[in-house]
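Colleague: I have just opened this structure and would like to learn how to read it. Could you take me through a few features?

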Amino acid sequence: MQTDVLEQRIRTFMQEELLVTFDDTVTADTDLFKAGVVESRDYLRIVKFLQEDLRVAMTDEDLFMNVLVSLSGIVDFVRKKQAGV
Amino acid sequence: MNTRLVIAQFDEGAEHFDSWSVTRDERMLRGLAEFCGVTPDDELLDVACGTGAFALHSATLARSVTGVDISAGMIAVARKNASDRGLGNARFVHQNVEGLGFEDDTFSMVVSRSAFHHMARHREVFAGMVRCCRPGGTVCIQDIMAYDEEKTDRFFERMEVLIDRSHHRTYTKRDFFELYRDNDTKLEALFESESLLDFHDYVDHVAQTDKSRGEIARLLDEGLADPDIASSFAEKDGRLLWKRRVCTIKGKKTVQPRKPSGEGY
């Protein structure tokens, strides 16, 4: 999947399913959990979305790294997984 | 950590602990229940339940809940809370969580909230939690988490012990992760968050003496004068807020394949 398409798909998921509004304050780099934009249950939805919709296989170490907190972090993570890094 | 010290402190301060804002934080209780995925079919065990805040919240969602705690004072308050709220599906047992007295595979969900930092033998406690959980059931821990920077962590460990004599150690994210790796569980999620604790409210969640207040104030001044430490505090509306990291982790107990009959040595 091309990067821009991938980013758009993840952005759309976050906007439509997690009701995140990206603007000048909440950007692609914002830690959405720290900022209080989303909650712990949303974290589970992100993990499920990556595993089931994007077919990303997540290892325990992936879960440990806790990179799934911002749009850019999630996009980078998926890109690396798809590249086999 | 002296177990008797933990018991004495919590017996003495049970009523006060029950009314502490963090104990009763509905948003946190709801968030944890959602993270665990509590359903009406669940039979839930709350380990080191204190005055039962999470167990009682979950009792409105699950088939049944059981809370266990080493402090008889905490259990007495938890039972009263259950009775006051008319929750007939909640029971509370006075028991040392290092030796959970339940049959193997009893509960569909086993949870511990804000308690592991009191435990010296946390591995034994976790192994017991997994043992009591049914195969395929959920095991979840939520607790404060150590800071990454050693200097910051050392400072706040000193502070925790001054504030709360029953504090043993704040475990690292890696410590929690390894509990799951080493105990027949499949990790499902590990979530880090930051909680903003009102520092002075936190100090008062346990009984203090003039001496302990003086020591805490001196250490706080020392920390606020050091930019590396001070960055873990914030001020809002005249309140001093302590940025405390929280780890919430859950996994499923794995189903062990049965050995074929006749297998032996």
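Colleague: Let's start with a pair of helices. What is the handedness of the crossing of helix 1 of chain B and helix 4 of chain B?

Modeller: Keep in mind that this is a predicted model. Handedness tells you which way the near helix is turned from the far one. In this pair, helix 1 of chain B and helix 4 of chain B make a right-handed crossing. Their axes, for residues 3–19 and residues 72–84, come within 7 Å and cross at roughly 35°.

Colleague: Which residues make the contact there?

Modeller: From helix 1 of chain B, look for Phe10(B), Asp11(B), Glu12(B), Ala14(B), Glu15(B) and Asp18(B). Helix 4 of chain B brings Ala72(B), Gly73(B), Met74(B), Ala76(B) and Val77(B). Sorted by class, this contact has 6 nonpolar, 1 polar and 4 charged residues.

Colleague: Now for a pair across the two chains. At roughly what angle do the axes of helix 2 of chain A and helix 2 of chain B cross?

Modeller: Roughly 25°, and the axes come within 8 Å. Angles under 35 degrees count as roughly parallel, so helix 2 of chain A is roughly parallel to helix 2 of chain B. To find the spot, look at Ser40(A), Arg41(A) and Leu44(A), which meet Gly31(B), Glu34(B) and Phe35(B).

Colleague: How many residues of chain B are in contact with chain A?

Modeller: The count is 13 residues of chain B, in contact with 12 residues of chain A. On the chain B side, helix 2, helix 7 (173–181) and strand 6 (185–198) each supply at least two residues. Strand 6 of chain B gives the largest share, 7 residues. By class, that side of chain B divides into 6 nonpolar, 3 polar and 4 charged residues.

Colleague: And chain A as a whole: how many helices and strands does it have?

Modeller: Chain A has 4 helices and 0 strands, giving the pattern α-α-α-α along the sequence. Its radius of gyration is 12 Å, close to the 12 Å from the globule rule for 85 residues, so chain A is as compact as a globular protein of that length. The C-alpha atoms of chain A fill a box of roughly 35 × 25 × 20 Å along the principal axes.

Colleague: What share of the residues of chain A count as buried?

Modeller: Of its 85 residues, 19% count as buried. For contacts in chain A between residues at least 6 apart in sequence, 58% join residues at least 24 apart.

Conventions
Residues numbered from 1 in each chain as written. Chains lettered and ligands numbered in written order. Predicted model: local features only at pLDDT ≥ 70, side-chain atom pairs only at ≥ 80, totals over all residues. Rg over C-alpha atoms; globule rule 2.2 N^0.38 Å. Buried ≥ 20, exposed ≤ 12 C-beta atoms within 10 Å, placed from the backbone. Contact = placed C-beta atoms within 7 Å. Axes fitted to C-alpha atoms, helices over the stretch in contact; angles between N-to-C directions. Parallel < 35°, antiparallel > 145°, perpendicular 65-115°, else oblique. Nonpolar A, V, L, I, M, F, W, Y, C, P; charged D, E, K, R; others polar.
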